[in-house]
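Open the model in your viewer and keep the selection tool at hand. The stops below say what to select and what is there.

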Amino acid sequence: MAAGLRKRGQPASVGQPAGIWKQWLQRAWQERYLLLREPRYTLLVASCLCIAEVGITFWVIHRVAYTEIDWKAYMAQVEGFINGTYDYTQLQGDTGPLVYPAGFLYIFTGLFYATDRGTDIPMAQNIFAVLYLVTLVLVFLIYHQTSKVPPFVFFFMCCASYRVHSIFVLRLFNDPVAMALLFLSINLFLAQCWSWGCCCFSLAVSVKMNVLLFAPGLLFLLLTQFGFRGALPKLAICAALQVVLGLPFLLENPIGYLSRSFDLGRQFLFQWTVNWRFLPETIFLHRAFHLALLAAHLSLLLLFALCRWHRTGESILALLKDPSKRKVPPQPLTPNQIVSILFTSNFIGICFSRSLHYQFYVWYFHTLPYLLWAMPARWLTHLLRLLVLGLIELSWNTYPSTSFSSAALHLCHAVILLQLWLSPQFFPKSMQPSRKTH
């Protein structure tokens, strides 16, 4: 009898997955408006957008002409390295000397061989298309864990940005490689894999130095999580990887390697600036202007560290103590604490950059939805946030830049900074200073 019941039940079990899918689709259709508004649907919306991006990205590759800017220079620099030149001052390309750390050379050496010594441009574009999709997946995983941004915003982050598609698959810059590694490191931080995260962070720095804009936020997080002594091994990982990657060049010409790959005083050309077009060129190139921007950058970082990131009621010097010896009981960092501090640290650096070139857009493009929507602000409606996002995209798509586009970009940055300063931060109640009841 039991066997007969099992036999009659088998057809139902076969049809059960189809029934579940039907119910799920019906529920999704009924809640289609919630799909666009509720962060819990991030992964579902992200999956659909990633599938759409496969078609869009490869359509761009086949329909829009490739533009040569730096790729040939990258390949010439790599070829010099392959031929045995380890003196960084001797590595040159069509656009000038090599100014990126050693990790860039190793990664682009792989691309050199994968693209027939850099001559197979369609293959290079396909590789960067895959890199773009991987970057999207890493970014969506971050947004899924923070659960703060409504999914409808992701359409503007994906399908609506011509400039970002261009940077990845039509220009083949090294900036996307560095940012993909950076987003991988943030995912590792969110998974509490701090050592591996620091390793990936250092690898990202070794591709392009702009990733150091995240470093103040990362240092704050490491001190918060581990204290000074506990953070030292993580910082040692970052430093050791830089030494190991740069060792062949450090042994050949240490001063040449450090001065070229980590040149903090590098001069930018006024003709390519996106953010300071409204200034006279003499002011743009003046050393006093650069020092003023650096002072403003460091001052605002300090203000955020003191007043926005550190909210325990203790002195900020308490971060140097072992967490178990602090007055406020240590609490694990939440995903929103980690992401908000890292993204804010980078954004402050962007706001006070001496110059932003068009490929630098990817330095913060994928963080903008979080910066605009994760921090609650009643005065900034969805429409106003979209307007800010649209003006930023318009500014980066204006070529050549104009006084108006540069001013609009700074205005949008100021709105975001104001929101970051005024909005409440993501700290657990147990970490807030206790108030005596009267």
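**Stop 1: two packed helices**

Select helix α3 (residues 42–63) and helix α8 (residues 162–170), which pack at an angle of about 65 degrees with axes 10 Å apart. Helices here are DSSP runs of H or I with at least four residues, numbered from the N terminus. Axes are lines fitted to C-alpha atoms over the stretch in contact, and angles run from 0 to 180 degrees between N-to-C directions. α3 and α8 are therefore roughly perpendicular to each other (the word covers 65 to 115 degrees).

This is a predicted model, in which local features need pLDDT of at least 70, side-chain atom pairs count only at pLDDT 80 or more, and totals for chains, interfaces and linings use all residues. Residues are numbered from 1 along each chain as its sequence is written, and side-chain values use heavy atoms, without hydrogens and water.

**Stop 2: the contact**

Which residues of α3 meet α8? Show E53, I56, T57, V60 and I61 in α3; they meet H165, V169 and L170 in α8 (contact means heavy atoms within 4.5 Å).

**Stop 3: an annotated stretch**

Select residues 41–61, one of the stretches that an unreviewed UniProt entry lists as "transmembrane region". This stretch is 95% helix and 0% strand, with its end C-alpha atoms 30 Å apart. Residues 361–381, also in the UniProt list, are 29% helix and 0% strand, with 24 Å between the end C-alpha atoms.

**Stop 4: confidence**

Colour by pLDDT, the predictor's confidence in each residue from 0 to 100. The protein averages 89, and 90% of the residues score at least 70. Over residues 1–10 the pLDDT is below 50.

Conventions. Angles under 35 degrees count as roughly parallel, over 145 as roughly antiparallel, 65 to 115 as roughly perpendicular and the rest as oblique. UniProt positions are given in the numbering used here, feature names are shortened, and annotations may be inferred rather than shown by experiment.
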